[in-house]
Amino acid sequence: MKKWDKWISAVGGVLLLVGAALQITGWIVAPYIYLVGAVLFAYEQVKYGYDGKNFIIRRLRRQQILGAMLLVVAGVMMLCMKRSEWIVCLSAAAVIELYTSFRIPQEEEREKKK
């Protein structure tokens with residue numbers, strides 16, 4: 001099943017990018033494309049938890065889930081608000097996701113060495 005999980009996450013990421021790019025052009029279907037991608041991506045982020053004892057990794061996983069939820073909120077903002085407030089939410093989500101994507105593997109490697 002891991003193969004499907006990677007595909008779902010990749011498709012979600014591509015739909016996120018395409019939807020955000022098309023939203024800037026003003027295409028009417030763009031928020032729906034983005035929202036489908038955000039839900040797929042967030043589902044894959046939330047699906048796997050961390051059952052270990054490392055406090056730092058648990059904190060980073062919570063931050064990662066927060067970033068995934070902010071991606072979904074940005075999609076809802078695209079639908080509800082006709083201006084560009086969604087960009088602030090998307091930017092915050094992108095920073096959180098980028099930070100956790102680097103820090104979680106780093107902490108997991110440090111935990112393996114112990």
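I started with the lining of the largest pocket: Gln23, Gly26, Trp27, Ile28, Pro31, Tyr32, Met78, Leu79, Met81 and Lys82. Helix H2 (30-47) and helix H3 (55-80) are the elements that each give two or more residues to this lining. A pocket here is an open set of points on a 1 Å grid over the protein atoms alone, where a 1.4 Å probe fits, with protein on both sides within 12 Å along at least five of seven lines; lining residues have an atom within 4 Å of a point.

The model is predicted: local features need pLDDT of at least 70, side-chain atom pairs pLDDT 80 or more, while totals for chains, interfaces and linings use all residues. Residues are numbered from 1 along each chain as its sequence is written, and side-chain values use heavy atoms, without hydrogens or water.

I looked up the pocket volume next. It is about 170 Å³, taken as the space filled by probe spheres set on the grid points, which are joined across faces, edges and corners. The lining splits into 7 nonpolar, 2 polar and 1 charged; Gly counts as polar and Lys as charged.

Then I checked Val29. I found it in the loop between helix H1 (2-25) and H2. Val29 counts as partly exposed because its relative accessibility is 34% (buried is under 20%, exposed over 50%, partly exposed in between, with a 1.4 Å probe and protein chains only).

Last, the whole chain. I noted 4 helices and 0 strands (DSSP runs: H or I of at least four residues, E of at least two). Of the 114 residues, 34% are buried. The C-alpha trace spans about 50 × 30 × 15 Å along its principal axes.
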